[in-house]
Amino acid sequence: EENCYSSLDEQSKPFKHFATKTIYSMVNGSAQYSIAGCTTVKVWILSRHGAVYPNASTFDFDDLSATLNTLRTEIEGNSMKTLCPNDSTLLNAWIFNSNGKDNSDHLTTEGLREMKTLADAYKEGFGSNTDLLDIEKIRFRHTTEHRSKQSVLEFASNLFGIEKDDILEEDDDLLKFYEKCPTWKANRDELSGSESKPSKFENSPFFKQTIKDISTRLGYPDTEQLDVEKVKKMWDMCRYDKAWDMASESAWCSAFTSEQVNVLEYDEDLKLYFTTGQGGKINSRLACHTVVDLLDHLENKTSSSPMTIISFADAEALQLLLTTLGTHNDTVEPPEEDLNDLSDMNRRKWKSSVISPYASNLVVVKYTCDEEEIVKVFLNQHELQLDWCENDKCKLKEFIENYRWMEKCDETFCPNMAATLYGVFGMVILAVSLILIY
Ligand SMILES: O=C(O)[C@@H](COP(=O)(O)O)OP(=O)(O)O
């Protein structure tokens, strides 16, 4: 049967593109980091942490488990459902996996595997240069979150075969820069309002039809359709199951066809387009401190001059960095209404599944080739073509020149914050002047 999840082979199962809950191995490439005839001289990496169990302080495991248990019982009793018998059996037998709650914010088996994949790719790409594998010449950074610290530790221990947490630097200022910007947070919060473009998409006939199709297939009559929140919980469980244990069958994935997964993915991407993508007005400069850090490294301006800097952060950091670098700009804004199908939108560049799965990584490499210094940029082991740079040989100078304007980062990265700070500063000056005058 066409939509029978259990009988599909692993390749055809509709689990590949799960927005930010996508597994790295679903999208990574195998581009070579080394260039014949050139020497690799500097490496700068920003990586997202590996696949994790959600953080129990912000994620309600009990609510997810309770809602899904109710849905499972309802679906079992829905005589009109058109799930194939194997999928029904899978769903009837489903129980909530308590691993998630017990291991909140820790890497899953898949996440641990991803860190090994990244370390292997690093060794394969740069291992021929002993300096790049010298623990003294690599700077490891992470955020204060457990997921980030565990990722960098796993990565380092796969690289060197030792556990050494005294080499790690914690740097939320650099890696969670968006949290320091009130304007960005206010923009993000506004996106949940009913007038926002993502909300309009969820109210569009196209999206509503998708929710209706999912409900109908699970046997709900027209008068008792599932709401969006419930469908999203089923989808969450489907993609978490895969991120928690890639080899397991996910009963909840059987509720969706590949097309429906695409629509749910688009729904999340639309939100991200405005939160971290080019749809957010300030996002094209918000990550400028991170870009300056990259440029300083490439230009040897970093104190202690490491060969490699590798930082582990969150999806937001990587997405905002790409937006500030301008690497994934779409020429048309993704539509939130009047969509009939996703065929056009499937060609969009802003696809969180592809750009920011678990363990996604931006690798920037500086080489010297004869007398020339060149730069290459890789995302998830795919080489990126920088449209403003000569394709195969992007000169370091040209690369740096393109981002020169970011040097004024302190003043521009978060517009209203600067205004607020200058406002407060101005008031203090005024008060001091008045005191001195009188
Ligand atoms: O997947 C996402 O959207 C966030 C939150 O993940 P959960 O806490 O929901 O797993 O990931 P992160 O910001 O840590 O990279």
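A disulfide is a pair of cysteine sulfur atoms within 2.5 Å. By this rule the count here comes to six disulfides.

The model is predicted, with local features needing pLDDT of at least 70 and side-chain atom pairs counting only at pLDDT 80 or more, while totals for chains, interfaces and linings use all residues. Residues are numbered from 1 along each chain as its sequence is written, and side-chain values use heavy atoms, leaving out hydrogens and water.

**Exercise 1. The link of Cys4**

Task: Find the partner of Cys4, then work out which parts of the chain the disulfide ties together.

Solution: 
- Step 1. Start at the sulfur of Cys4: it is joined to Cys84, with an S to S distance of 1.9 Å.
- Step 2. Look along the S-S bond. The angle about it is 65°, and the link of Cys4 and Cys84 is right-handed.
- Step 3. Helices (H or I, at least four residues) and strands (E, at least two) are DSSP runs, numbered from the N terminus. Cys4 belongs to the segment before strand E1 (39-48), and Cys84 to the loop between helix H1 (61-77) and helix H2 (85-92), so the bond ties together parts that are 80 residues apart in sequence.
- Step 4. Check the exposure. Buried means under 20% relative accessible area, exposed over 50%, and partly exposed in between (1.4 Å probe, protein chains only). Cys4 is buried at 5%, and Cys84 is buried at 3%.

**Exercise 2. Two further disulfides**

Task: Describe the link of Cys238 and Cys253, and then that of Cys389 and Cys394.

Solution: 
- Step 1. The sulfur atoms of Cys238 and Cys253 are 2.1 Å apart. The torsion about their S-S bond is about 90°, so this disulfide is right-handed.
- Step 2. Cys238 is part of helix H10 (residues 228-244), while Cys253 is in the loop between H10 and helix H11 (258-275), so the pair ties together parts that are 15 residues apart in sequence. Both Cys238 and Cys253 are buried.
- Step 3. Turn to Cys389 and Cys394, joined with an S to S distance of 1.8 Å. This link is right-handed, with 60° about the S-S bond.
- Step 4. Cys389 is buried with a relative accessible area of 7%, and Cys394 is buried at 1%.
- Step 5. Finish with the pattern: with the bonded cysteines of the chain numbered in sequence order, the pairing is 1-3, 2-8, 4-12, 5-6, 7-11, 9-10.

**Exercise 3. The ligand**

Task: Which residues are around the ligand, and how much of its area does the protein bury?

Solution: 
- Step 1. List the residues near the ligand (one of their heavy atoms lies within 4 Å of it). They are Thr20, Lys21, Arg48, His49, Pro54, Arg147, Tyr240, Asp314, Ala315 and Glu316.
- Step 2. Pick out pairs of polar atoms. An oxygen atom of the ligand lies 3.4 Å from an N or O atom in the side chain of Tyr240. For a polar side-chain atom of Asp314, the distance to a ligand oxygen is 3.2 Å. A polar backbone atom of Ala315 is 2.7 Å from an oxygen atom of the ligand.
- Step 3. Now the area: taken alone the ligand exposes 390 Å², and the protein buries 79% of that.

**Exercise 4. Ser360 and Cys409**

Task: Where are Ser360 and Cys409, and are they buried or exposed?

Solution: 
- Step 1. Ser360 is found in the loop between helix H15 (352-355) and strand E5 (361-369). Its relative accessibility is 0%, so Ser360 counts as buried.
- Step 2. A polar atom of the Ser360 side chain lies 2.8 Å from the backbone oxygen of Pro357.
- Step 3. Cys409 lies in helix H17 (residues 409-412). With 2% relative accessibility, Cys409 is buried.
- Step 4. Compare sequence and space: Cys409 and Thr290 are 119 residues apart in sequence, and their C-alpha atoms are 9.8 Å apart.

**Exercise 5. Positive phi**

Task: What is the phi of Ala19, and what is that of Asp338?

Solution: 
- Step 1. Recall the background: most residues other than glycine have a negative phi.
- Step 2. Ala19 is not a glycine, yet has a positive phi of about 50°. Ala19 lies in the segment before E1 and is buried, at 0% relative accessibility.
- Step 3. Asp338, also not a glycine, has a positive phi of about 55°. Asp338 sits in the loop between helix H14 (315-325) and H15 and is exposed, with a relative accessible area of 76%.

Note on methods: A residue is near a molecule or strand if one of its heavy atoms lies within 4 Å of it. A polar contact is a pair of N or O atoms within 3.5 Å; within protein, one must be able to donate a hydrogen and the other to accept it, and residues adjacent in sequence count only if both atoms are side-chain atoms. Accessible areas come from the Shrake-Rupley method with a 1.4 Å probe; for residues, only the protein chains shown count as cover.
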